[in-house]
Amino acid sequence: LGSDTREQLQELIDIATRGTRAGGFVYKGWVIGGESGDVTVIGHKDHNTGTCLGLLWSVESDTWSIPCSLNMSAKSRGLRDPEFDINSLSDMTRFLNSYELSKRALLRYTASWYDPLYLCGQVRAYLTLIYRRAIKTLPGQRWEDAVTPEIYNDLLKVTKMIFELRDIKISRFCFDGIVGKEIEILASCDGSDLLSAARIFVRYKTGPNTFRAQYLFGSILLIGSGDENAVKCECHAFYLGVNLLARTQQIIRNYTIKQFYILSDSQITLSGVCSLTANQKLYYRQRNSFSRSQIEKMNIKVLYCPGTESDSDIFTKMRKDSFNGALHRDYWESKFFHKPQSQWPTSEYVYDPVHITNEILDPGLTVCVLRTGVWQSGNVILNKIIHRFSVFSAMVKCLAYVYLFLSTETLASARERARLTLLRSVHIGDDIVSGLRRSFQVEKNQDLWW
C-alpha cells in the first residue's frame with residue numbers, strides 16, 4: 001500500500017486489516033518503509049519475513065538491494081556445498097582453474113542473479129548472452145558436459161560486476177524531492193544483433209526550473225539468429241518500449257502523467273512506425289501497427305536520439321566500460337532527461353522515405369480512413385462465418401464451399417456468389433472515405449457500395 005501522507009496510509013492499512021479479518025485472514029503485521037521497527041530487512045529466507053519481489057528490502061532506509069548468493073554446486077537436501085561458494089572474484093577464478101564448468105552449472109550460475117525489475121538489467125543480459133554463446137559454440141551438449149573455455153573471460157567480467165553491485169542500495173521511492181503532482185515518462189529503446197532492450201525513466205520538477213530523472217524499470221528480450229536480425233531487434237525494442245509505457249500508465253495512479261516520450265536511434269524502425277504506406281513484412285507490420293495505435297491512444301511523442309546518447313545502449317552492447325556503467329550517475333538518472341528539454345540531444349522524428357528500404361506504395365491510391373463492418377440479420381450460417389473469420393477473403397472461401405456443397409454450381413460461380421453475398425452485407429458508416437491525396441464519395445446502388 002502507498003499514499004501521500006502517513007495518516008492516509010494508516011487509513012488504508014485499517015481498511016485492509018478489517019477487510020481481510022472479515023474473510024478469516026490475519027496479517028502477521030505491517031512493515032512501513034522509512035520507519036524503524038523489529039524487522040530491519042525483508043527478503044532473507046531465514047528471517048521468516050517472506051520476500052519482496054525477490055529483492056532485499058532495508059526497511060528503515062526504504063531501499064532495495066539485489067541478493068547475491070552464488071554457488072556452483074547442486075543442492076543436496078536443500079543445501080549447497082559451501083566449498084563451491086563464490087564470494088569474490090578470486091573464488092570464481094579458482095573454481096574455473098580447478099574444475100570444468102558444466103552446462104548445468106553454467107545455467108545454475110546465470111539463474112542465480114534474480115532481478116525482476118531489471119534494475120541492473122545489463123547483468124541479466126550479459127549472463128543470458130554468455131549462456132547462449134556457450135550452447136551455440138558447442139551445440140548438442142548434454143547437461144553434464146563441459147562448456148567452452150572461450151566464455152571464461154566474459155564470465156569473470158560479469159562476476160566482477162555482480163560483486164560491485166552487491167552493496168548498491170536503490171531507493172524504493174522514485175519521486176524524492178518532487179514538487180507538485182505532474183510527471184513525465186520516457187522510454188529509451190535500443191537493439192543489437194542479439195537482443196532488444198527498453199528502459200523507463202520518470203522526470204519531475206524539484207524546483208521552478210530544475211528537474212530530476214529516475215530510472216524505474218526495464219526489460220530485455222533475446223532474438224533468434226537469422227537475416228535482418230539487427231533490424232528485428234530494433235523493431236522489437238520499440239515494441240517493448242511502447243508496452244512498458246502502457247504498463248507504467250496502469251501502475252502510476254497517484255500522479256498525473258503530463259507527457260509520454262519514446263526514443264530510438266534506428267531511423268528504419270521509426271520510419272516503419274510513422275509511415276502509413278510502407279510495405280512491410282508481417283513481423284514488422286504487426287509490431288509497428290500496435291506501436292502506432294498506442295502512440296495515437298496515449299499521445300506519445302516519438303523522438304530520434306543518436307546511439308551514443310541512448311540510455312538503453314548499456315543493455316545491448318557488451319563494451320568494456322559497460323561493466324561499471326551501473327555505478328555511474330547517468331545510469332540511474334539518465335544522460336539528459338533531467339536537463340531542460342532544449343538541451344536534449346533529440347529531435348522529434350519526421351518520416352523520410354529515404355530511411356526505409358522497402359517499397360513505398362503510391363499514397364495517392366491509399367485509403368487512410370474507412371469505417372466498415374460486415375453483418376447479416378436473420379442468416380445464422382452467414383453470421384457464423386462472419387464472426388469466425390476476420391479476413392474478407394477467408395469469409396468468401398468458406399461461404400463458397402457451403403454454396404458448392406448445397407447446389408450444383410461450379411467452384412468459380414460459388415465463389416462469385418459468395419463474394420456478392422458478403423459485399424451486400426457490408427455496412428459503411430461514413431459517406432466520405434478520406435485518402436492522402438484525394439477523397440471518395442460513397443453511395444449504395446443495388447445493395448452494393450460504390
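**Salt bridges in a predicted model**

Colleague: Is D62 buried or exposed?

Modeller: Buried means under 20% relative accessible area, exposed over 50% and partly exposed in between (1.4 Å probe, protein chains only). D62 has a relative accessible area of 18%, so D62 is buried.

Colleague: Where do these values come from?

Modeller: Residues are numbered from 1 along each chain as its sequence is written, and side-chain values use heavy atoms, without hydrogens and water. Local features need pLDDT of at least 70, side-chain atom pairs count only at pLDDT 80 or more, totals for chains, interfaces and linings use all residues, and the source is a predicted model.

Colleague: Which residue forms a salt bridge with D62?

Modeller: A salt bridge is a side-chain nitrogen of Lys or Arg within 4 Å of a carboxyl oxygen of Asp or Glu. For D62, the closest N and O atoms are 2.7 Å apart, and the partner is R172.

Colleague: How many residues apart in sequence are the parts that D62 and R172 tie together?

Modeller: D62 lies in the loop between strands β2 (56-58) and β3 (63-65). R172 is in the loop between β6 and β7 (182-191), so the parts tied together are apart in sequence by 110 residues. Helices (H or I, at least four residues) and strands (E, at least two) are DSSP runs, numbered from the N terminus.
R172 itself is partly exposed, and its relative accessible area is 31%.

Colleague: Which helices are linked by the pair R133 and D154?

Modeller: The side chains of R133 and D154 meet in a salt bridge, with N to O at 2.9 Å. The pair joins distant parts of the chain, 21 residues apart: R133 is in helix α4 (residues 121-137) and D154 in helix α5 (residues 152-165).

Colleague: Of R133 and D154, which counts as buried?

Modeller: R133 has 34% relative accessibility, so R133 counts as partly exposed. At 18% relative accessibility, the residue that counts as buried is D154.

Colleague: What is the N to O distance between R212 and D176?

Modeller: The side chains of R212 and D176 meet in a salt bridge at 3.9 Å. R212 lies in strand β9 and D176 in the loop between β6 and β7, so the pair ties together parts 36 residues apart in sequence. R212 counts as partly exposed at 30% relative accessibility, and D176 does so at 47%. The N to O distance is 3.9 Å.

Colleague: How many salt bridges does the whole structure have?

Modeller: The pairs above include D62 with R172. A search of the whole structure gives a count of eight.
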